[in-house]
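Subject: Structure handover

Hello,

Here is the structure we talked about. Please open it and keep it in view while you read the notes below.

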Amino acid sequence: QVQLVESGGGLVQPGGSLTLSCVASGNIFSIYGMAWYRQAPGEQRELVGGILLSDNYTNYNDRVKGRFTISANNAKNTMYLQMNSLKTEDTAVYYCNAQIKPTMAATWGQGTQVTVSS
């Protein structure tokens, strides 16, 4: 099994920056890829972006492209989400997700709140 723990959420002003971390533990060698999702109140959970651990290929939701960057430090079993130029509409609970081989079953963290407000 794989466990995921997010951290780094908080309150930030519009235009500010924040970095989220997701630490994976357990059977980490079974992880195929990782991703960040977010869910705002009253809305469905949406994909922010993801990364393949084999080659660090990343993809992003158009709403965050150019502002957010996903990276991974395999030595630390950690994935990061660097968020710049934050907007009020980025306010949400951010969740870490891992796809587990061979079935690509999803594993989730507990989420971390990001609030963008003046």
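A residue is called exposed when its relative accessible area is over 50%, buried when it is under 20%, and partly exposed in between. Asp62 is exposed because its relative accessible area is 63%. Please keep in mind that this is a predicted model.

Searching the whole structure gives five salt bridges. As background, side chains of opposite charge can pair when their charged atoms come close.

Next, look at Glu46. Which side chains does Glu46 meet in salt bridges? One is Arg38, at 2.7 Å from N to O. Another is Arg63, at 3.2 Å from N to O. Glu46 and Arg63 link distant parts of the chain, 17 residues apart. Glu46 sits in strand E5 (residues 46–52), while Arg63 lies in the loop between strand E6 (58–60) and E7.

Is Arg38 buried or exposed? Arg38 has a relative accessible area of 3%, so it counts as buried. Arg63 has 43% relative accessibility and is therefore partly exposed. Salt bridges with shared partners tie Arg38, Glu46, Arg63, Arg67 and Asp90 into one network.

Now the sheet. It is open and has four strands, in the order E1-E3-E8-E7, and the pairing is antiparallel. Strands E1 (2–7) and E7 (68–73) are the edges, and each pairs on one side only. On average, neighbouring strands of this sheet are turned by 15° against each other, direction ignored.

How many bridges join strand E3 to strand E8? There are six. Strand E3 covers residues 18–26, strand E8 covers residues 78–83, and the two run antiparallel.

Last, Thr107. This residue belongs to strand E10 (residues 105–108). Thr107 has 18% relative accessibility, so it counts as buried. What does Thr107 touch, leaving aside its neighbours within four places in sequence? Thr107 is in contact with Val2, Leu4, Cys96, Asn97, Ala98 and Ile100.

Best wishes

Key
Residues numbered from 1 in each chain as written. Predicted model: local features only at pLDDT ≥ 70, side-chain atom pairs only at ≥ 80, totals over all residues. Heavy atoms only, no water. Pairing = 2+ DSSP bridges. Axes fitted to C-alpha atoms, helices over the stretch in contact; angles between N-to-C directions. Salt bridge = Lys/Arg side-chain N within 4 Å of Asp/Glu carboxyl O. Buried < 20%, exposed > 50% of the residue type's maximum accessible area, 1.4 Å probe, protein only. Contact = heavy atoms within 4.5 Å.
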